[in-house]
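Here's a quick briefing on the model you're about to see.

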Amino acid sequence: MRKDFVHIGGTKNETRDRDVPLVRRWQRELVDYALELGMGKDGLLFRPNTSFTHARLRRGCARSENRAAEGGSMLTRRELFGGALLLLPLVRAARAESCGAADPNELGPFYRAGAPQRAVLCDTVEPGDPYRLRGRVLGEGCAPVADALVEAWHADHHGDYDMSDPGKPRDPSIYHLRGVLRSGADGAYELRTIVPGHYGRRARHIHFLFHANGYEPFVTQSYFPDDPRVATDPIARRRNVVRNGVFTVQLRRPRPNSPEAIARFSGYEGDYVVESERPMRERTRAVVTRAGDALFVQLDGWPKMELRFSAPDRFRVIEFDAQGHAERGPDGKVVALAARAYGDSHDERLVRAP
Ligand SMILES: [Fe+2]
């Protein structure tokens, strides 16, 4: 049996019994969630290790050592010191431009649009340790971004969201532990809530989606400094561990798709399915549409997402924190879209629907 697929649905699950390709981390997060719910492992098959392997890292180190032994390519202390001095201004410039800001981090499967405007995400009887998070929204040149829209959501003290499946809130009228707030003139915002619980392999985290005029949406997650799971969570970004109670993000100016990239847009539109070698009772479908100089992909049950092209046939998907590329057939037509999320070791593919 191939190990690329997640089979969701154990004996305790009455609602899901299907083979789902391991498309992105989102489904993996759902599997973790399912495990946490006590479905047991009988009905679950998941790829045991999709993170960057240490073996690969060791091979890379070994090659470096061999090169050093063969040809004296090792640097002397003087060369190292001199090189470090030369690089110092570049490192400082890079640090300055990064503003000490968080890395992007994927949206995950539990996002819901339309949360109420509030900075306090729960009332005083909410179980869990109270938590206050101060944040800063910066933009170009690390300048504060005023009036940015900050969407925040997270699991409760037990690791449960108010949604049991993507697009399926338990009660559509209730937005539990979700809120939308705005940054002030100095780019600052502050939210109050409780410390979220663990679920599956995930470290404690709070999801964020930032919007501001003139900037790309920014998707990320914040983490907790005393949480050992940050070291083992394959999705966690260590730079996003909140130090001193302040979580800083930097928004990017949108980069329009280049004319060269747009010139190759013809042939993208249409229906796709998530690649699978197994017969599936319920396939995950996707539709790619074009609107002027932009391309969008919509998968069943997920928000519509833009493919942002950094080069012809090469794109980013902000919501997945993924880099992707188009695969073309001999006739030049797009036959598949492949994308790899941060921390993942393989591409996920959408192939043309037959
Ligand atoms: Fe999450």
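Two strands count as paired if DSSP finds at least two bridges between them. Helices (H or I, at least four residues) and strands (E, at least two) are DSSP runs, numbered from the N terminus. With that in hand, β9 and β10 run antiparallel and are joined by 6 bridges.

Residues are numbered from 1 along each chain as its sequence is written.

**Overall picture**

- The protein has 4 helices and 19 strands.
- Of its 354 residues, 32% are buried. Here "buried" means that 20 or more other C-beta atoms lie within 10 Å of the residue's own, "exposed" means 12 or fewer, and "partly exposed" is in between, with C-beta atoms placed from the backbone.
- A contact is a pair of residues whose C-beta atoms, placed from the backbone, lie within 7 Å. Among contacts between residues at least 6 apart in sequence, 65% join residues at least 24 apart.

- pLDDT is the predictor's confidence in each residue, from 0 to 100. The protein averages 79, and 70% of the residues score at least 70.
- Residues 1-22 stay under 50 in pLDDT, and the model has 59 contacts beyond four places in sequence for them.
- Residues 36-76 also stay under 50, with 44 contacts beyond four places in sequence.
- Where pLDDT is low, the predicted coordinates should not be read in detail.

**The open sheet**

- Four strands form an open sheet in the order β7-β4-β9-β10, and the pairing is antiparallel.
- β7 and β10 are the edge strands, each with a single partner, so one side of each has no neighbour in the sheet.
- Neighbouring strands of this sheet are turned by 25° against each other on average, direction ignored. For such angles, axes are lines fitted to C-alpha atoms (for helices, over the stretch in contact), and angles run from 0 to 180 degrees between N-to-C directions.
- Which residue of β10 is the bridge partner of F210? F218 is.

**The barrel**

- A set of 8 strands closes into a barrel, in the order β12-β13-β14-β15-β16-β17-β18-β19, with antiparallel pairing. From one strand to the next, the twist averages 30°.
- Strand β12 (residues 270-274) is joined to β13 (residues 285-291) by 4 bridges, and the two run antiparallel. D271 has V287 as its bridge partner in β13, and Y272 has A286.
- β12 also runs antiparallel to β19 (residues 348-352), with 3 bridges joining them. There, Y272 stands opposite R352.

**Nonpolar cores**

- A nonpolar core is a set of buried Ala, Val, Leu, Ile, Met, Phe, Trp, Tyr and Cys residues joined through C-beta atoms within 7 Å. In the largest one, which has 32 residues, V137, V150, A152, F210, V249 and L251 touch the most other members.
- At least two residues of this core come from each of β3 (130-138), β4 (149-153), β8 (188-194), β9 (205-211), β10 (218-223) and β11 (246-250). The most come from β9, which gives 4.
- Leaving out residues up to four places away in sequence, V137 touches P144, V145, A148, S183, G187, Y189, F210, A212, V249 and L251.
- A second, separate core has 21 residues, among them F265, L295, L337 and L350.

**Loop residues to look at**

- L177 sits in the loop between β6 (168-169) and β7 (178-182). L177 isn't a glycine, yet it has a positive phi of about 60°. Why does L177 count as buried? Because 22 other C-beta atoms lie within 10 Å.
- D321 is in the loop between β16 (314-317) and β17 (322-328). D321 has a positive phi too, about 55°, and isn't a glycine either. With 25 other C-beta atoms within 10 Å, D321 is buried.
- R201 belongs to the loop between β8 and β9. R201 counts as partly exposed because it has 17 C-beta neighbours inside 10 Å. The C-alpha atoms of R201 and R229 are separated by 7.5 Å, although the two residues are 28 apart along the chain.

Methods
This is a predicted model: local features need pLDDT of at least 70, side-chain atom pairs count only at pLDDT 80 or more; totals for chains, interfaces and linings use all residues. Two residues are in contact if their C-beta atoms, placed from the backbone, lie within 7 Å.
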